[in-house]
Amino acid sequence: MDDYVVTVQNLVKHYKDVKAVDGISFSVNRGEIFGIVGPNGAGKTTTIECIAGMRRADSGSVDVLGLDPVKDSLALKRRIGLQQQESEIPDRLRLWEAMELFSSFYDTVLQWEALLKQLNLWEKKDSFYSELSGGQKKRLFVAMALIGDPEIVFLDEFTSGLDPQSRISIWKLVKELRDQGRTIVLSTHYMDEAEKLCDRVAIVDHGKLTALDSPSNLISIHGGHTRIQFNVGDVFDGESLSSLKGVEFIQNSDNVCSLEVSSSSAIVEIVKQLDAMGQGLDSFKIEAPTLEDVFLNITGREVRD
Amino acid sequence: MKIPFIAVSKSEFILYLREPSAFFFTLIFPLLLMLLFASMIGNDPFPEEEFGYVDFSVAAYMGMVMVTSFVMALATSMAAYREKGILKRFRAAPVTPFSILAGQLVAIFAVTVAGVILLLIAGFVFYDLKFFGNFFEFVFVFLLSSASIAALGFIPASLAPTARSGEVIANIMYFPMLFLSGAALPQSMLPDLLKNISLAFPLTHAIRLMQGVWLGGHFWDYPVHVMVLAGFILAGLFVSVKYFKWE
Ligand SMILES: Nc1ncnc2c1ncn2[C@@H]1O[C@H](COP(=O)(O)OP(=O)(O)O)[C@@H](O)[C@H]1O
Ligand SMILES: [Mg+2]
């Protein structure tokens, strides 16, 4: 039996004349890391805010843990945690004071001391909020989203503006949260992040859901071909490789030969052929398609434009 | 510590004390002003009266503390909270709007009481301040006045979209009230026209009522003041319940 913690049907939300979300439907399984990806303005934040009881949808239905996010908003907020893309706490509140304050809103809480340690903020616990760097603020809001021991954690653009090291440590934390049995719904416009982290990814563009599947399925269905590149001498006949099964010649320029292959056995054939031709395998590169390619193929645009 | 609004009011109170200008203008400035005038005028009884300048004006300085905290501080801080997304962060937590607003009010009321206590201590210690009224009756009119000024402050606090606009509206409300209602200057120094204009402000009624009871009158002697103050409470409640904006 399916165990959905979030079910969204035909969600529509306008801001004045902007149609931010235009009929989105999906469900989130208990215990998965569910990613909502898409470029800025795609409608990710609005979707999350409608699910988390922060906004009332214009039409459509949203069910979260059997609750209506608008009518049962308080009951729902006791069971979820939300890290917002844009929010603040007062400048002159110290971190430990903020954690104590927000802990007082929940019946069951996680130890905030442990959360700050886990998010590398322990040394900052006596600092004012205004003294934190952008990345530290982001991490603080992740910690605050976890205070109430949530069943579902919503993380909206949780790594934008973070340094690579913090990104990696938050990825690790997100996986730990899932392994504890929590469900994570995150949004990001970093495709590599979604690919590495998410069990399933919903691709959103212009307020519409354009694809929803596991990253590997999305890539095998929409990702296109694997690219091969290697260095060659001046007089190399790349065209001749197209005679191999599953190989398509792209170009030969600046002493780099580029090919596309539709199967991994084709790569073996290429290597054999090159060896037979007496051609070295200088900087032989295999570039598998990524979610980035999926987005490009589905929407015809780069994610960041 | 499990009662959200108490936790909110505790942290708001601490934040208030950490805001140097708010701290100065609510807690220190009215005190300095009272001491300045008292040092010039003294507190000897006026001719044919039992009370002197300090006895007469301490209630006006209380009004000044009230209007500074409930109008200036509340409107500016709520508007800034709204603009910066602090209210939004609160709303993501399982806490009712009531807890957040009540927490703010309780904190600001605590600051007001602190400011009033400073005035009283200075009055008793330096100028032999005398109280002629009934203690409980004074507490009642003090609470009524505070609630009324708070309700007035809640109107811009509920509506102002940005910190800047909150400040502007608060200033527009604050300074005329401060100077015309008898808070910073005795009304006897004003021409009749300005005195009449000042009747539009709840602070004028609050100060006259508190002054009356402080000097031995009863609140039922001032039905107009009591009714105007109650009316502002209702108006403020109506506006903030109906139009309060989170972002
Ligand atoms: N509060 C708002 N008022 C008006 N328009 C908004 C508001 N929030 C978002 N929008 C618009 O709605 C669209 C979707 O925004 P958003 O949900 O924030 O997308 P994303 O999170 O994917 O960047 C954008 O065109 C954005 O400009
Ligand atoms: Mg967003």
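Asn120(A) is partly exposed, at 48% relative accessibility. In this predicted model, Asn120(A) sits in the loop that joins helix H4 (112-118) to helix H5 (134-146) of chain A. Its phi is positive, near 65 degrees, although the residue is not a glycine.

Where else does a residue other than glycine have a positive phi? His206(A) is one such place, with a phi of about 50 degrees. His206(A) belongs to the loop between E8 and strand E9 (208-213) of chain A. With a relative accessible area of 59%, His206(A) counts as exposed, because the cut-off for that class is over 50%. A positive phi also turns up in a glycine: Gly300(A), with a value near 75 degrees, follows helix H10 of chain A.

Here are some residues of chain A side by side, with their accessibility.

| Residue | Relative accessible area | Class |
|---|---|---|
| Asn120(A) | 48% | partly exposed |
| His206(A) | 59% | exposed |
| Thr188(A) | 1% | buried |
| Thr45(A) | 22% | partly exposed |
| Gln85(A) | 32% | partly exposed |

Let us step back to chain A as a whole. Chain A holds ten helices and 13 strands, and its C-alpha atoms fill a box of roughly 75 × 45 × 40 Å along the principal axes. Of its 305 residues, 51% are buried. Among contacts with a separation of 6 or more, 66% join residues 24 or more positions apart. The chain is divided into domain 1 (4-221) and domain 2 (225-288), and the C-alpha centres of these two domains of chain A are 43 Å apart.

Helix H10 of chain A, the one that comes before Gly300(A), spans residues 291-299 and has Leu291(A), Asp293(A), Val294(A) and Phe295(A) buried. What covers these residues? The cover includes helix H7 (191-197), strand E8 (200-205), helix H8 (215-222) and strand E10 (226-231) of chain A.

Thr188(A) is found in strand E7 (residues 183-188) of chain A. Is Thr188(A) buried or exposed? Its relative accessible area is 1%, so it is buried. Beyond its neighbours within four places in sequence, Thr188(A) touches Ile36(A), Val37(A), Gly38(A), Lys44(A), Glu157(A), Glu193(A) and Ala194(A). Leu209(A), 21 residues away from Thr188(A) in sequence, is 15 Å from it in space, C-alpha to C-alpha.

Next comes a metal site. Which protein atoms are donors to the magnesium ion (ligand 2)? They are OG1 of Thr45(A) and OE1 of Gln85(A), at 1.9 to 2.1 Å from the ion. Thr45(A) has a relative accessible area of 22% and Gln85(A) one of 32%, so both are partly exposed.

Helix H3 (residues 53-84) of chain B and helix H9 (residues 202-214) of chain B have axes that come within 8 Å and cross at roughly 145 degrees. The crossing of H3(B) and H9(B) is right-handed. On the H3(B) side, the residues in contact include Phe56(B), Val58(B), Met62(B) and Met66(B), and they meet a set in H9(B) that includes Leu203(B), Ile207(B) and Trp214(B). By class, this contact is made up of eleven nonpolar, three polar and one charged residues.

Conventions
Residues numbered from 1 in each chain as written. Chains lettered and ligands numbered in written order. Predicted model: local features only at pLDDT ≥ 70, side-chain atom pairs only at ≥ 80, totals over all residues. Heavy atoms only, no water. Axes fitted to C-alpha atoms, helices over the stretch in contact; angles between N-to-C directions. Helix = DSSP H or I, 4+ residues; strand = E, 2+ residues; numbered from the N terminus. Left-handed = near helix turned anticlockwise from the far one by under 90°. Contact = heavy atoms within 4.5 Å. Nonpolar A, V, L, I, M, F, W, Y, C, P; charged D, E, K, R; others polar. Donors = N, O, S within 2.8 Å, 3.2 Å for Na, K, Ca; no water. Buried < 20%, exposed > 50% of the residue type's maximum accessible area, 1.4 Å probe, protein only. Domains from an automatic or database assignment.
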